[in-house]
Amino acid sequence: MTVTTPAPPPRTAPAAGPPRPAAVAPAPAAGREPAALVGDATRLPLPDARAWGALFAGPALSACQAERLAPLARVRRLTAGQAVFRQGEPACSLVALLQGDAALGRMDAQGQFRTERHLCGPAWLDASAAWLGAPRAHDARALGAATLLEFDADDLAEALEQAPGLATQFVRVLASEVRTLTRHAQALMHQDAPARWAGWLQAHCQDVPGAPERGLVQLTLRKRDIASQLAITPETLSRLMRSFTSQGVIEVAGYTVHVLDRARLAALAAG
């Protein structure tokens with residue numbers, strides 16, 4: 001007798017449930033984890049020849065020079081508080097701030113970031129360590145939304161060998177950085193606190209249309225960060241602000257400093 005095995009019932013696909021949300025990596029603590037490198041740099045705006053010139057503190061680069069630099073630039077976007085790099089980590093790239101604000105400084109024993117320099121793009125955050133094969137000398141973090149450019153040192157060195165004019169532009173960058181640091185060191189060694197505060201105001205002073213004797217300074221940093229740059233305490237900075245106000249040099253309104261007498265401010269900065 002032949003036994004016939006019944007065919008199994010056809011399988012049906014389970015009912016589709018609601019789509020699962022994409023996994024989201026936990027956000028890094030502000031200032032503690034470096035921002036991820038953007039994979040496709042071509043989707044993010046790169047500088048044109050004039051913007052490259054601003055980054056190199058000189059005239060606009062030629063179209064040929066800009067075309068040579070653009071493929072070497074990797075683009076990063078950061079949000080406020082994100083780390084750019086950390087003191088002591090190996091440096092294999094040059095890092096420039098294209099847009100936004102960033103600070104160079106150090107973490108103190110309490111884990112607080114202490115600002116030493118405040119930079120607005122376009123500016124270089126580290127144009128030297130990678131050439132020397134040295135570790136980063138500072139911590140760097142974004143103070144707001146920022147766009148960075150990174151250049152691999154080996155790739156850039158090869159490009160500079162083929163473009164002497166571009167190499168000269170990089171010499172200008174390094175010379176400008178040396179000059180800035182020299183002036184800063186001289187100010188700390190030879191100027192008193194009022195002169196350093198006056199010099200800081202001068203460096204951040206914007207013109208007021210129709211009033212050349214006046215100026216405007218927007219305080220985008222916390223008072224303690226400004227004080228840290230000047231190597232003074234926040235309390236000393238408060239006293240200096242009151243002193244300059246009583247002398248009729250400035251007037252403070254919230255986060256805006258109105259410079260009332262730029263000539264007097266220049267005299268105070270000269271010590």
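## Surface and overall make-up

The protein chain exposes about 15,800 Å², and carbon and sulfur atoms supply 56% of that area. Accessible areas come from the Shrake-Rupley method with a 1.4 Å probe, and for residues only the protein chains shown count as cover. This is a predicted model, in which local features need pLDDT of at least 70 and side-chain atom pairs count only at pLDDT 80 or more, while totals for chains, interfaces and linings use all residues. Residues are numbered from 1 along each chain as its sequence is written, and side-chain values use heavy atoms, with hydrogens and water left out.

The secondary structure of the protein chain comes to nine helices and 12 strands. Helices (H or I, at least four residues) and strands (E, at least two) are DSSP runs, numbered from the N terminus. The protein chain has 271 residues, of which 37% count as buried. Buried means under 20% relative accessible area, exposed means over 50%, and partly exposed lies in between (1.4 Å probe, protein chains only). Among contacts in the protein chain with a separation of 6 or more, 71% are between residues 24 or more positions apart. Contact means heavy atoms within 4.5 Å.

## Confidence

pLDDT is the predictor's confidence in each residue, from 0 to 100. Its mean over the protein chain is 81, and 83% of the residues reach 70 or more. In the protein chain, confidence is lowest in helix α1 (residues 49-55), with a mean of 80, and highest in strand β2 (residues 83-85), with 95.

Over residues 1-42, pLDDT stays under 50. For this stretch the model has 33 contacts beyond four places in sequence.

## Helix α6 against helix α8

Two packed helices are described by the angle between their axes and the distance between the axes. Axes are lines fitted to C-alpha atoms, for helices over the stretch in contact, and angles run from 0 to 180 degrees between N-to-C directions. Helix α6 (residues 193-203) and helix α8 (residues 234-246) pack at an angle of about 75 degrees, and their axes are 11 Å apart. Helix α6 is therefore roughly perpendicular to α8. Angles under 35 degrees count as roughly parallel, over 145 as roughly antiparallel, 65 to 115 as roughly perpendicular and the rest as oblique.

On the α6 side, Ala-193, Pro-194, Trp-197, Ala-198 and Leu-201 take part, and they meet Leu-237, Leu-240, Met-241 and Phe-244 in α8. By class, this contact has nine nonpolar, no polar and no charged residues. Ala, Val, Leu, Ile, Met, Phe, Trp, Tyr, Cys and Pro count as nonpolar, Asp, Glu, Lys and Arg as charged, and the others, Gly among them, as polar.

## Helix α4 against helix α5

The axes of helix α4 (residues 153-162) and α5 come within 5 Å and cross at roughly 120 degrees. That angle makes α4 oblique to α5. Leu-156, Leu-160 and Gln-162 in α4 meet Pro-164, Leu-166, Ala-167 and Phe-170 in α5. The contact of α4 with α5 has six nonpolar, one polar and no charged residues.

Gln-169 also belongs to helix α5 (residues 164-190). With a relative accessibility of 10%, Gln-169 counts as buried. Apart from neighbours within four places in sequence, Gln-169 is in contact with Phe-56 and Leu-61.

## Residues in loops

Ala-80 is in the loop between β1 (73-78) and β2. Not counting residues up to four places away in sequence, Ala-80 touches Ala-142, Leu-143, Gly-144 and Ala-145. Ala-80 and Ala-102 are 22 residues apart along the chain, and their C-alpha atoms are separated by 8.9 Å. Gln-112 is found in the loop between β4 (101-107) and β5. Gln-112 counts as partly exposed, at 31% relative accessibility, and is in contact with Arg-106, Met-107 and Arg-224, leaving aside neighbours within four places in sequence.

Pro-122 lies in the loop between β5 (113-120) and β6 (123-126). The peptide bond from Gly-121 to Pro-122 is cis, with omega near 5 degrees. Ala-231 is in the loop between α7 (223-229) and α8. Its phi is near 60 degrees, a positive value in a residue other than glycine. Ala-231 counts as exposed, at 52% relative accessibility.

## A residue in helix α9

Ala-267 lies in helix α9 (residues 262-269). Ala-267 has a relative accessible area of 41% and is partly exposed. Ala-267 and Gly-199 are 68 residues apart in sequence, and 9.7 Å apart in space, C-alpha to C-alpha.
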